[in-house]
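Here are some notes to read alongside the model. Have it open as you go through the points.

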Amino acid sequence: MTVHYFPIRHHGPGSAASLVGALDELRPAAVLIEGPADAGELLPALASDQMKPPIALLCYKKDDPSLAAFWPFAEYSPEYQAALWALRNGAQAKFIDLPSAAAIGHDAEEAGRDEAGDDNEDGDDDGEPPGADQAGPETDGASGGRDAGRPLDPIGRLAEAAGYEDGESWWCDLLDQNPAPGPVFGAVAEAMGELRTDVELDPFEAKREAHMRLRVAEAARVADGPVAVVCGAWHVPALAAKVPAAADRKTLAGLPRVKSAVTWAPWAEARLASGTGYGAGVRAPGWNLHVWRTWGREESNAIWLTRIARLLRERGHDISPASLIEAERLALALAALRDRPRAGFEELREASVACLFGGDDLLWRLLEKELLLGDQVGEVPPDTEAAPLVKDVRRIQREVRLKPEAMERELALDLRSESGRKRSLLLHRLGALEVPWGELLDAGRSRGTFRENWRLRWEPEFTVALVERVVWGSDLEGAASAYLTHQMGRAGSLDALAQAVGDAVAAELSEAWTQGLRLLEAKAALTSDVGQLLAAVAPLAATVRYGQARQVDTEPLRALAERLAVEAALGLRHAARGLDDAAAGSLAAGLRGADQGLRLLEAGPETMAVWFAALEELVDDSAAAAFAAGCAGQLLYTAERVTPAQAVALLERRLSPGTEVAWAARFLEGFFTSQAARLIYDTPLRVAVDQWLRGISAEDFLGHLPLFRRVLSELDSMERKRLFEAVVRGSGPARLAGAVVLPADVWAAHLRAVAPLLAGAQEGGPDE
Amino acid sequence: MTDVLRLTAEETYASELEALLEDSGPRPTGWRLTPKAVLTYLLGGQAPGGAQVSPKYVGARRLMETAVATLATDRALLLMGVPGTAKSWVSEHLAAAISGDSTLLIQCTAGTDETQVRYGWNYAQLLAHGPSEEALVATPLMRAMREGALCRMEEFTRLGSDVQDTMITVLSEKVLPVPELGMALPARRGFNVIATANNRDKGVNELSSALKRRFNVVVLPLPASLDEEVGIVSRRVRELATGLDLPVPRGVEEQIKAVLTVFRELRSGATEDNKVTLKTPSGTLSTAEAIGTLVGGLSHAAWFADGQLGAEQLAASMVGAIVKDPVQDKAVLEEYLETVLKKRNAYSQYYGALNDAL
């Protein structure tokens, strides 16, 4: 029977549309698709109503799910459409590529690569520069990823010859955006043949092609109608070539073998993008979906522009329909200027930047992700075989002997022992995936120790959650890392991000934490809110210390924490001015936290010099919020940057009559908050305060009484008694005399004043 | 030789424009060259006859394509960018290539009124013969409409808002009403407007949204790489120094590189190695300002430092360029000095000098 070859572009909506048209015309009896041969049994599932792309064929090594390969399919993937066509039209559908086991085995063999192959860099759709994470395109790219590993970019060469700067645009114009069906498939195959003439083929590629050739020949023998072969354009010349079957079998000898399993898994649209590390990915899944859904419709440009306008309007920009008309006209003019048949993605982009974004490239880049990446997540039927992530979790549970039980129980772990560490990692990593099997009981206190106390309780929905997280990776470590990285990208505040980085360290997810560190750095630099900067120092310091119990290098965090402290110190002067009580309180809390963090870190002398200089400046700044200034004074005194004599001088100066009483009282509060016990032991300080207290008017004293009470409230009754004793008789004969004699006078005067009143009241009482 | 100080673009590049005339593609009515030939003229390349065309604009091709495509529709073009990004240069060459005349120019200032934009009156004529077309004084805009040519409006946002809005009728209806004569002057095909504006200046008049809608905006970016910018700056600095009779000391390239590194890092909000993110000051720190800073430094060096150019001579002008807002920008610079420059040994002199200047 005749064999027809359809060279397609992976995930090319144009290819898919032309392909469906061509299949309708040809009505083949068998449709052979480039895909792992052993996954053929899974093909009928594609017709299920519950199967919603994007989905992926997921193949993994049975005893090590971190070794996995995936074949993603979007709605507009020609392979998916071809399979659907076959299922709906009663044709036979088959995968013809090497079995998945060979693909994984091959990846495992590539030394040094298999480590990075856990397809999990992605999920981070946040500012990762495209092409930055190229780790593991081999494992990642299955069907098309292998194409990326080729010594040259065949599409790029063809495009160059056609005078295009960018291969993608050329391919788009030729196939995707040229709706006239025609002998385009033959032309592409021919061009590929030309390209392949001077290229040395990778041995593994040769094996794949040999395998596909054999399968095609086999199908042609048995089929009772035309046979359609749907595969990447690159392979078509090789598949069509006449090669003796014996030679092909010889090529196939010695294939790497591993025990593998194949299943369907839901996929995320965003992960189809090439920027997220998937080799055969496309630049803009969102755009591809648009092209597919508006295929052959005249108003497709208008639909795209309207989508942009909607996004802009949601963000409060006024975009009139007239501007959309102008944008489309400009796009058409640009296409004409570039000799292109239709306005494509680039023309529409440039036209919208000029007409809708006011020329602002930055604004475009902000919207770009939402527009181009898309946020759809696929679905698979519930009866699909368990996802590898679930299996991996079960495997680790067995390995560390931790059974999932619905009964609540507590578990104490010693991180110094290997088993304790592994159990802790499992729980932390599940936590990172938001599968809260274990709850860390003493989260705050345990930092820096080797002991963790957990409360465990397994809920049935955790399994469901794990299936949902398969999108992020097929093994626990990879998925946790990718998911956490994704969450970091969304973290709003600096300290939330610092916390997430801490989680990454606790779960020993080095990729996530490297990424988090980068985000943290970027965010820290752009934050001018001193409060946020200060707040982030403490969790970072805690992480650095906690990291000592983990196998993670936390040295960069130390540098970052110090940098944050320096930045905060430089901005402190302005941040401490014009604050109300609440703001001053939180600034002071931040100062104390950061100071403690710096001591915990044992920060370098340069950092400490800047830090103390800022505190010294704050203490002397009369425009600063008094409470914060007082707090700075306390920190300097505690750190022995100020001698006791200087501290007394400072208090005397700040509490002198020239200072407004309200300010001085706040300063006092700031100085002694959480340090009130100093008043008991530090005689010179106490005297300074005492003198000030005695100097202020009764009215002022009463006015600020609640504040003084607040300072002293942290002392227990015993301490208060000792303070009272110290004040009353602790300070020299003169004070003693005053303290003892004065009350007697007061009592006499008091009696003299009260007695007549009492008498008067008695007289007046009956009258009323 | 001519004694004209500066020739127009169409005079300087007359031969190139002549050669490009031969391009045979379709051209919009009123255009001297085809849109593709205009692109070749701007970006350099080969004319149909084989003659070489020098590049006038070094930068992204797609920006120029958008600009030319805009003018080929009937939308007006607004070129934006910080000082020193070749806005006026591009607008002059576009006009020269498309209309063959780059002199229909209105320099917009706060003092430009409607009579300088639309039309004025020749009062002697007006008094002697009454209102008539002869008594009208045509502005460059009016002449461009009559001739079907491009009119350039420089620094458009400096125009008062009321004067700006007189352009709305011209841009949307393509006529210039003259109510005094009960007539309206229609624009001939080929007429269009190229406006330029600075997008970082404060205290200028933002375009009303009615007007903005009638422009397509192309933002011209700053030079992409350090080397490119060093090249541009050192060429300009040498030219200016020669004009001012300032000696250029040896090793000036190093100082240019240092100053530009600081400017670029602060401007882009990240160090050149892209490892540390920074805050950006409120000023533009444009290439033009870097040139100004360096020429200031050269002058200082020549008159007060025996011709030695170093961090000390440059620091004061650098601080002047960076710190536009005394509180906010000072904090930004301080942070940059402490977190970045302090750790670079090669910049220790700049660290010290800038700290002193602060």
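1. Contact here is when the C-beta atoms of two residues, placed from the backbone, lie within 7 Å. Lys36(B) sits in helix α3 of chain B, residues 35-43. Helices (H or I, at least four residues) and strands (E, at least two) are DSSP runs, numbered from the N terminus.

2. Before going on, a word on the source: this is a predicted model, where local features need pLDDT of at least 70, side-chain atom pairs count only at pLDDT 80 or more, and totals for chains, interfaces and linings use all residues. Residues are numbered from 1 along each chain as its sequence is written, while chains are lettered from A and ligands numbered from 1 in the order in which they are written.

3. Is Lys36(B) buried or exposed? Lys36(B) counts as buried because it has 20 C-beta neighbours inside 10 Å. The cut-offs are 20 or more other C-beta atoms within 10 Å for buried, 12 or fewer for exposed, and partly exposed in between, with C-beta atoms placed from the backbone. Lys36(B) is also 8.9 Å from Glu65(B), C-alpha to C-alpha, though 29 residues separate them in sequence.

4. Now the contact between the chains: 30 residues come from chain A and 28 residues from chain B. On the chain A side, the elements giving two or more residues are α13 (321-337), α14 (345-355), α22 (510-526) and α24 (555-575). Of these, α13(A) gives the most, with 8 residues. By class, the chain A side has 13 nonpolar, 7 polar and 10 charged residues. Nonpolar means Ala, Val, Leu, Ile, Met, Phe, Trp, Tyr, Cys and Pro, charged means Asp, Glu, Lys and Arg, and the others, Gly among them, are polar.

5. Chain B has an open sheet of 5 strands in the order β4-β7-β10-β3-β11, with parallel pairing. Because β4 (105-107) and β11 (215-219) of chain B stand at the edges with a single partner strand each, one side of each has no neighbour in the sheet. Two strands pair if DSSP finds at least two bridges between them. Strands β7 (residues 150-154) and β10 (residues 192-198) of chain B are joined by 4 bridges, and Cys151(B) has Val193(B) as its bridge partner in β10(B).

6. After α27(A) comes Glu640(A), with a positive phi near 60 degrees. Glu640(A) lies in the loop between α27 (626-638) and α28 (644-654) of chain A, and counts as exposed because it has 8 other C-beta atoms within 10 Å. Glu602(A), with phi near 55 degrees, also has a positive value in a residue other than glycine. Its loop runs between α25 (581-601) and α26 (605-619) of chain A, and Glu602(A) is exposed, with 11 other C-beta atoms within 10 Å.

7. Pro54(A) is found in the loop between β2 (30-36) and β3 (55-61) of chain A.
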